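Subject: Structure handover

Hello,

Here is the structure you asked for.

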Amino acid sequence: MSKVMLVTGASRGIGAQIALLAARQGWSVGVNYHRSADAALELVREIGADGGRAVALAANVSRPEEVERMFAELDQAFGRVGALINNAGVLASFRLADAAPGQLEEVFRANVFSAYYCAREAIRRMSTRHGGPGGAILNMSSVASRLGGLGGGTAYAGSKGAIDSLTLALAKEVGGEGIRVNALRPGLIETEIHSVHGGLDQMRALARQSVPLGRSGTAQEVAEVALWAVSEGASYVHGTCIDVAGGR
Ligand code: NDP
């Protein structure tokens, strides 16, 4: 497996921590971003200053043509991808009955179709059936897929349920082609995504009440598991969704 990793949505939050840790562990990293160009470029600079290798890749991963261009740019920069982390995602909170035109589609494009588009491009490069050396795909789900999310989460929870199912089905499809496929299901993790639900203070209060470990988690705690899941140390871990949720 090549030591080239693509992390989608790596400009901040969990994706940025995965990119940082991956570079420290010797991966050459594609740092995908959509809107946060400054943050992505700063992360690439930080990785370089730390002795690592990274390239910033602009793409709205909801759009298949941008995904294809992003993979071609990664091919040019570092060669064939060995690990794909489908991390990009958006949190949304609205009553289904109040959904604005296009709002449902936007969530599913960002959280579900993005993962399909990126996995498709990765498989074309990794699969032994396509002449590749194998690889690993890790999808970022959420405990919302089994808990139904916080209030107003029908679209978000449903999109993460689709990610769980994609993980299981894709594991069957490409397991015999040298590609391991898994998902992580983070719980309440301290990132900017929670501005949708009243911000970090409110999320921490909820974590104190509802998480058996009694606290929210950090992006670094998710990144540690992500790096393990695509490593050789997890060589027999396949087609599974791993909770990183403090027992919630
Ligand atoms: P953040 O809001 O902190 O970061 C989201 C990232 O996704 C940003 O880098 C953003 O890029 C990127 N992104 C969003 N849409 C697109 C798109 N269309 N194309 C490319 N990039 C995109 O979120 P988190 O780090 O918290 O979440 C990361 C993943 O983890 C998500 O899939 C989320 O659902 C999941 N998760 C998070 C939990 C949490 O508590 N934080 C819990 C469970 C799951 P940019 O800013 O450049 O636009």
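Where does the ligand sit? The ligand sits in the largest pocket. To sit there, more than half of a molecule's atoms must lie within 2 Å of the pocket's grid points.

Two notes on the source. This is a predicted model, in which local features need pLDDT of at least 70 and side-chain atom pairs count only at pLDDT 80 or more, while totals for chains, interfaces and linings use all residues. Residues are numbered from 1 along each chain as its sequence is written, and side-chain values use heavy atoms, with hydrogens and water left out.

The ligand

There are 32 residues around the ligand, and the closest are Ser11, Ser36, Tyr156, Thr191 and His194. A residue counts here if one of its heavy atoms lies within 4 Å of the molecule. By type, this shell holds 13 nonpolar, 15 polar and 4 charged residues. In this sorting, Ala, Val, Leu, Ile, Met, Phe, Trp, Tyr, Cys and Pro are nonpolar, Asp, Glu, Lys and Arg are charged, and the others, Gly among them, are polar.

Polar contacts are pairs of N or O atoms within 3.5 Å. A polar side-chain atom of Ser36 is 2.6 Å from an oxygen atom of the ligand. For Tyr156, a side-chain N or O atom is 2.6 Å from a ligand oxygen atom. Asn87 uses a backbone N or O atom, which lies 2.8 Å from an oxygen atom of the ligand. On its own the ligand has 900 Å² of accessible area, and the protein covers 96% of it (Shrake-Rupley method, 1.4 Å probe).

Helix H1 (13–24), strand E2 (28–33) and helix H6 (154–174) each give two or more residues to the shell. Helices (H or I, at least four residues) and strands (E, at least two) are DSSP runs, numbered from the N terminus.

The pocket and the cavity

A pocket is an open set of points on a 1 Å grid over the protein atoms alone, with protein on both sides within 12 Å along at least five of seven lines; in a cavity, a 1.4 Å probe fits but cannot get out, and lining residues have an atom within 4 Å of a point.

The largest pocket holds about 1,300 Å³ of space. Its lining has 50 residues, with Ala88, Gly89, Val90, Leu91 and Ile193 nearest its centre.

How many cavities of 30 Å³ or more does the search find? It finds 1. The largest cavity holds about 50 Å³, and H4 gives the largest share of its lining, 4 residues.

Regards

Terms used
A polar contact is a pair of N or O atoms within 3.5 Å; within protein, one must be able to donate a hydrogen and the other to accept it, and residues adjacent in sequence count only if both atoms are side-chain atoms. Grid points are joined across faces, edges and corners, and a volume is the space filled by probe spheres set on the points.
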